[in-house]
Amino acid sequence: MINSAVIKPNPLVDNFIELYQALNKNNLHLLGQVYGDDIIFTDPMHQISGLESLTQYFAKLYENVQHIQFEIKEVQQSDSQASLFWQMQYRHPKLNKGQLISVDGMSQLKFNDKIYFHRDYFDLGQMLYEQVPFIGGLIRLLKMRAAK
């Protein structure tokens, strides 16, 4: 017989989503509402240990961002972890001529009473390298050649 138990949505995941939809450089102190002090955060650029280091990392990332918004496309969760599929849109004055950039990604969260592990998966080229003059054109050319 198949176990058909329904996993009750975790309010921590809902709080995480709400936080990220409102997060900016002026309210990074709110990260402690969802992350434990011992958080391990990994993305394609860095691995961060600890809430204080994560807050500093985000402060640096958000420093020149003029706009950022996360749209959550799908959430899959169990009683101790969740996967969120999202699209981030952001604007940075030094990237893509200050125009809006869209990046598709996925976050893996592990939690008990707070999130202790967060790993982001996304295409760093889509987020950063393709948005830089000259380098972006070169990367797009390489992608087109590789697709042939």
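Q: What is pLDDT, and what does the chain average?

A: pLDDT is the predictor's confidence in each residue, on a scale from 0 to 100. The chain averages a pLDDT of 85, and 80% of the residues score at least 70. This is a predicted model, in which local features need pLDDT of at least 70, side-chain atom pairs count only at pLDDT 80 or more, and totals for chains, interfaces and linings use all residues. Residues are numbered from 1 along each chain as its sequence is written, and side-chain values use heavy atoms, with hydrogens and water left out.

Q: In what order do the elements of the chain run?

A: The chain has four helices and six strands, and from the N terminus on they run α-β-β-α-β-β-β-β-α-α.

Q: How many residues has helix α2, and what span is expected of it?

A: The expected span of a helix is 1.5 Å times one less than its number of residues. Helix α2 (residues 51-62) has twelve residues and reaches 16 Å from its first C-alpha to its last, close to the 16 Å expected at 1.5 Å a residue.

Q: Which residues of α2 are buried, and which exposed residues lie on the face turned away from its buried side?

A: A residue is buried under 20% relative accessible area, exposed over 50%, and partly exposed in between (1.4 Å probe, protein chains only). In α2 the buried residues are Leu51, Leu54, Tyr57, Phe58 and Tyr62. They lie on the same side of α2 because they cover an arc of only 125° around the axis, the arc being that of the directions from the helix axis to the C-beta atoms. The face turned away from this buried side carries the exposed residues Glu52, Gln56 and Lys60, while the cover over the buried residues includes α1 (11-22), β1 (35-42), β2 (47-49) and β3 (67-77).

Q: What is a nonpolar core, and how many residues has the largest one?

A: A nonpolar core is a set of buried Ala, Val, Leu, Ile, Met, Phe, Trp, Tyr and Cys residues joined through side-chain atoms within 4.5 Å. The largest has 32 residues, and those with the most contacts inside it are Phe16, Leu23, Leu31, Tyr35, Leu54, Phe58 and Ile115. Helix α1 gives the most to this core, with six residues. Tyr35 touches Phe16, Tyr20, Leu51, Leu54, Lys114, Ile115 and His118, not counting residues up to four places away in sequence.

Q: Why does His118 count as buried, and with which side chain does its own side chain make a polar contact?

A: His118, whose place is in strand β6 (residues 115-122), counts as buried because its relative accessibility is 0%. A polar contact is a pair of N or O atoms within 3.5 Å; within protein, one must be able to donate a hydrogen and the other to accept it, and residues adjacent in sequence count only if both atoms are side-chain atoms. Here the side chain of His118 makes such a contact with the side chain of Asp120, at 2.6 Å.

Conventions. Helix = DSSP H or I, 4+ residues; strand = E, 2+ residues; numbered from the N terminus. Contact = heavy atoms within 4.5 Å.
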